[in-house]
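I opened this model to look up its fold and a handful of its residues. My entries follow in the order I made them.

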Amino acid sequence: MRKTELRIRLFGDPVLRKKAKPVKKITDYHRDVLSAMSRLMYTDSGIGLAAPQVGVNETMIVVDIGSGLYKLINPKVVKKEGSQVTEEGCLSVPGICIKVRRARKVLVTALDESGEPVSIEAADLFACVLQHEIDHLKGKLIVDYASFFEKVRIKRKLKALRERYSHEKLSQSETKSCKLQL
Ligand code: ZN
């Protein structure tokens, strides 16, 4: 796949609902995809992005909450502690913010892009972003956490997104309505 084909996929695109496959052997292709993902994340002022969000059905994520870029392959949450509620947005579900309850602290294991094992202890926002991105690898989206009333509130927006997911780039006002874009 050429890098130029990678673009942010929007709600309604079936790739966002697929369970991503673990990477068995890390190649230049994976490193290229991770670089392209990082570029797209920064361009859209995101702080995290998962491979399915660019149409790649493999377990890879990138995260940068302002303290450095992490490119993680086959990430897994192996320990959780506490809880926090954060209002989250998603680059694939523009214009929608959902309050999501997640663990406050997590221990994540993964491989870096050269195949070395890494283990990351994360708390607060960093923990939130890691859990959000790992959700993407399972085909799970923030809208799945919506309460009954939130579902009613976002129903029309989701329908509109679903109808146009494969088409054009959305306007700035539509994408920037939530502070955290993951
Ligand atoms: Zn997201």
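These notes go from the whole chain to single residues.

**Entry 1: the whole protein.** I noted at the start that this is a predicted model. I looked up the secondary structure and found four helices and seven strands. Read from the N terminus, the elements run α-β-β-β-β-β-β-β-α-α-α.

I then looked up the overall dimensions. The C-alpha trace spans about 45 × 40 × 25 Å along its principal axes. For 182 residues, a compact globule would have a radius of gyration near 16 Å, and the protein has 15 Å, so the two agree. Buried residues account for 36% of the 182 residues. I also looked up the contacts between residues at least 6 apart in sequence: 69% of them join residues at least 24 apart.

**Entry 2: helix H2.** Helix H2 covers residues 124–137. Does its length agree or disagree with what its 14 residues should span? At 1.5 Å a residue they should span 20 Å, and the end C-alpha atoms are 21 Å apart, so the length agrees.

I next looked up how covered H2 is. Twelve of its 14 residues are buried, so I wrote it down as mostly covered. The buried ones include Phe 126, Cys 128, Val 129, Leu 130, Glu 133 and Leu 137. After H2 comes Gly 139, with a positive phi near 80°.

**Entry 3: Val 63.** I found Val 63 in strand E2, which covers residues 60–63. Is Val 63 buried or exposed? I counted it as buried because 27 other C-beta atoms lie within 10 Å, and 20 or more is the cut-off.

I looked up its contacts, leaving aside neighbours within four places in sequence. Val 63 is in contact with Ile 47, Gly 48, Tyr 70, Val 129, Leu 130 and Glu 133. Val 129, Leu 130 and Glu 133 are in H2 and are themselves buried. I also checked Pro 22, which is 41 residues from Val 63 in sequence and 18 Å from it in space, C-alpha to C-alpha.

**Entry 4: Lys 71.** Lys 71 is in strand E3, residues 70–81. Which residues does Lys 71 contact, beyond its neighbours within four places in sequence? They are Leu 34, Ser 38, Val 62, Asp 112 and Glu 113. Ile 61 is ten residues from Lys 71 along the chain, and their C-alpha atoms are separated by 6.1 Å.

Entry 5: I kept one background point in mind here. Most residues other than glycine have a negative phi.

Ser 45 is not a glycine, yet its phi is positive at about 55°. Where is Ser 45 placed? It sits in the loop between helix H1 (28–43) and strand E1 (48–50). Ser 45 counts as exposed because it has 10 C-beta neighbours inside 10 Å, and the cut-off is 12 or fewer.

Asn 74 is also a residue other than glycine with a positive phi, near 50°. Its place is in strand E3, the strand in which I found Lys 71. With 19 other C-beta atoms within 10 Å, Asn 74 is partly exposed; a residue needs 20 or more to be buried.

Key:
Residues numbered from 1 in each chain as written. Predicted model: local features only at pLDDT ≥ 70, side-chain atom pairs only at ≥ 80, totals over all residues. Helix = DSSP H or I, 4+ residues; strand = E, 2+ residues; numbered from the N terminus. Contact = placed C-beta atoms within 7 Å. Expected span 1.5 Å × (residues − 1). Rg over C-alpha atoms; globule rule 2.2 N^0.38 Å.
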